[in-house]
Amino acid sequence: MQLLTFPGLTFFVCVAFLFEWLERKTAARMQGRRGPVVTGPFGILQPVADFFKLTSKQEIIPEFSDRFVLRWGPPLYFAAPAIGLAFIPVVGLTPVLGHPLDLLFVLFIFSFSALMATLLGYASAGRYSTIAIGRLVLQYTGFEIPMILAVITPSILAGNLSIEGIVAAQGSIWYVLLAPAAFAVFIVAALAELEKPPFDIPNAKTEIVGGWMTEFSGSTLAYVKLTKNMSYVFLSALAVALFLGGPSGPVLTQSVLAQEALFSVYFLVKLFAVGFLIFSIRTALARVKIGQATRLFWTVLTPLSLLQVGVALIMR
Amino acid sequence: MSEATGSEKREAGAGLMEYSPEGLMPFGPVHPALKEPEYFKLTLEGERIVDVAPRIGYVHRGIERAAQDRTWVKNVYLFERICGICSFAHSIAYAQGVESLTEFVIPRRAKYIRLVIAELERIHSHLLWLGLVGHWTGFETLFMWIWKDREHVLDQLEAITGNRVHKSFATFGGVRKDLPEGIEPKLAQATKFVRERVKYYRQLMESEETLVVRTKGVGKIDQNIARRLCPVGPLLRCTGIERDVRVEDPYAAYDEIVPEVKTQTAGDIASLLALRLDEVEESCRLIDEAMEKLPKGDYKVLFPRAIPSGEAMFHVEAPRGELFYFVKSTGSTKPERVKIRTPTMANLLTAKEMLKGHTLADVPVVLTGMDPCFGCMDRITVFDPGKGKEWTVRGEALRKYGIEYYRRRAGS
């Protein structure tokens, strides 16, 4: 039951919609625009409206595409961040699903997500999609290693491979203070994973139209877009859990229920802070080219994260 | 025959998709980077561009022909519709071409007003392009900011002419309206504002790393290429060649208010950015100077309906480069022939040269480095690769061909 409602799927889907709204609104305000204003107060329901509008649209599947993958790909793609979010502790130190080695599973989720995107793009068999997938894979090979190293750093510091253990170990000091480089690398890699500027190379609209999503329409597109927002929430939540002490914060009351509510508030505040950080970077930069991006990943981020791992090993 | 299975269909489609090492990639006619339909067939090797084949003609509107059916003065407003951005350049190029066929002397005040509007238009056109560079390189914030600042210029245009884009302001013998009361302080304020913003954007474009790596050394052309392919306007000046119609063959009031020709030497997109920023500043200076020296007097003289017979050629420096008009009159109330050569037409081949050797990611910003206006330049040329020949189709033949083509298709 918890898995489906709070703090499970329903909760995180709502947060995903809220993230999209906040991203659009912040970007708009930074660019001197108004952003969504029509649907709901301050246009807060606009992402929801967009989602349901898309699902009600006719779905056009290109003739030469692989229908099997296009039919079953989006649910699997959606499952990746949705399951991943169940491993993030929200109301207390214990996540809904927990395992002593769940950090490894989270790493698997990254690869799985990229694999599903690749499969979906190839299955739709468009020219723009094909080029976009080439870029996506190249970008993925670039940011995967720094990302893994950045995720491993907190676990080295905590001496634990479970997210729960890492959160518990941050009782006295957050790891963002002990390993700031790892946090920075994680945020940059997250921008690449989410295909946000400056790494929106696989869906650069002025170059390759919609990127690997060009041929999607109707509910496929709706779910792919929702999945991207879920990944957004997932990566921010992971950053909160690994570097910002998860939902932990001052204990103010004796009542368990009230304290759980407080914990979720702490978590949400941190979550939106990380989300805000990501979309401020996104708004302030231009897109780089794929060669420049991979060069950045291999020559700057990978050595930096390796160095951070070394420092973490010494600190232990 | 039984229904083809999915994999069979895919194999049949593989030929269509051309998954060859030298992939063909359509860029346009409808593409998010292009604001008007135009088709560029890119031959790619991975992401690297091997060849570019532009195909024009998607927005051919037959304006030159339409002009022959309209009276002389109506055509001013028809030609304005050729371009949504440099509309005033079109209308004064045509108006001055026609004026040169007659004996009338244009009042000095009208010349000054024409200069002010032309320069305001140059500012708004350049700002538009600078903003779009942000859009093409994925820097949406820059795009939104510059376009917001551009509104200040458009407001002034609206205050003077009544319209933001299609000003319908020029006419034979001058301009249609005098400057409104109390416009001087507003204009001065607008130019001051634009100057400040330009200073900021120059600093931003030089320091913002992601923008620098996307523009510096990208789309490079040198003076040899420029001399061979004859681009016009900023594309020529960014290689260091000093050409500007405003100075070489002054029209309007450019003989009294002389612009300084700005040049750059690098010949890449970054130098185009810097050049256009310089030109915006120069335009601000020209407007200020013109408003200071603005003479008193009439703003137009009355013009006859019929134009004496003769031929005239006229060129102006539109924001995108030299805009050329040829006008022929047989003494009637309608032009016999008007021929227009827009700057984009002259720049297209250079853009092709600029693209070679770059990657797909550079296409939007390089292709549009010339600030293209495809709607302005479209014409129809038929090329038959099978027979290896090329010919231009004239109106009536094209109409017949169209009717026949659709009849054949309906019949088969």
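In chain A, helices α1(A) and α11(A) are oblique to each other, where angles under 35 degrees count as roughly parallel, over 145 as roughly antiparallel, 65 to 115 as roughly perpendicular and the rest as oblique. This is a predicted model, in which local features need pLDDT of at least 70 and side-chain atom pairs count only at pLDDT 80 or more, while totals for chains, interfaces and linings use all residues. Residues are numbered from 1 along each chain as its sequence is written, with chains lettered from A and ligands numbered from 1 in the order in which they are written. Helices (H or I, at least four residues) and strands (E, at least two) are DSSP runs, numbered from the N terminus.

**Helix packing in chain A**

- Helix α1 (residues 9-30) of chain A packs against helix α11 (residues 256-283) of chain A at an angle of about 40°, and their axes are 10 Å apart; axes are lines fitted to C-alpha atoms, for helices over the stretch in contact, and angles run from 0 to 180 degrees between N-to-C directions.
- The crossing of α1(A) and α11(A) is right-handed; a crossing is left-handed if the near helix is turned anticlockwise from the far one by less than a right angle, and right-handed if clockwise.
- On the α1(A) side the contact is made by A:F19, A:L22, A:E23, A:T26, A:A27 and A:M30, and on the α11(A) side by A:G275, A:F276, A:F279, A:S280 and A:T283; two residues are in contact if their C-beta atoms, placed from the backbone, lie within 7 Å.
- Six nonpolar, four polar and one charged residue form this contact of α1(A) with α11(A); Ala, Val, Leu, Ile, Met, Phe, Trp, Tyr, Cys and Pro count as nonpolar, Asp, Glu, Lys and Arg as charged, and the others, Gly among them, as polar.
- Helix α5 (residues 127-158) of chain A and helix α12 (residues 290-315) of chain A cross at roughly 15°, with axes that come within 9 Å, which makes α5(A) roughly parallel to α12(A).
- The crossing of α5(A) and α12(A) is left-handed, and their contact has 19 nonpolar, seven polar and one charged residues.

**Helix packing in chain B**

- Helices α5(B) and α6(B) pack at an angle of about 165°, their axes 8 Å apart, and are therefore roughly antiparallel to each other.
- The crossing of α5(B) with α6(B) is left-handed, and the contact comprises 15 nonpolar, six polar and three charged residues.

**Contact between the chains**

- In the contact between the chains, 30 residues of chain B meet 28 residues of chain A.
- The elements of chain B that give two or more residues to this side are α1 (6-17), α5 (108-136), α6 (140-161), α8 (209-215) and α14 (363-367).
- The side of chain B that touches chain A has 14 nonpolar, nine polar and seven charged residues.

**The three-stranded sheet of chain B**

- Chain B has an open sheet of three strands in the order β6-β7-β8, with antiparallel pairing; two strands pair if DSSP finds at least two bridges between them.
- The edge strands β6 (310-318) and β8 (337-341) of chain B each pair on one side only, and the twist averages 15° from one strand to the next.
- Nine bridges join β6(B) to strand β7 (residues 321-329) of chain B in the antiparallel sense, and B:V316 has B:L323 of β7(B) as its bridge partner.
- Helix α4 (residues 87-99) of chain B lies across β6 and β7 of chain B and runs at about 150° to β6(B).
- Helix α13 (residues 343-355) of chain B also packs on the sheet, touching β6, β7 and β8 of chain B, and its direction makes about 135° with that of β7(B).

- Strand β2 (residues 39-45) of chain B runs antiparallel to strand β3 (residues 48-55) of chain B, and seven bridges join them.
- B:L42 stands opposite B:V52 in β3(B), and B:E45 opposite B:R48 in β3(B).
- Two residues lie between the strands of this hairpin, where B:G46 takes a positive phi near 65°.

**Domains of chain B**

- Chain B is assigned domain 1 (63-343) and domain 2 (384-412), with bounds that come from an automatic or database domain assignment.
- The C-alpha centres of domain 1 and domain 2 of chain B lie 38 Å apart.
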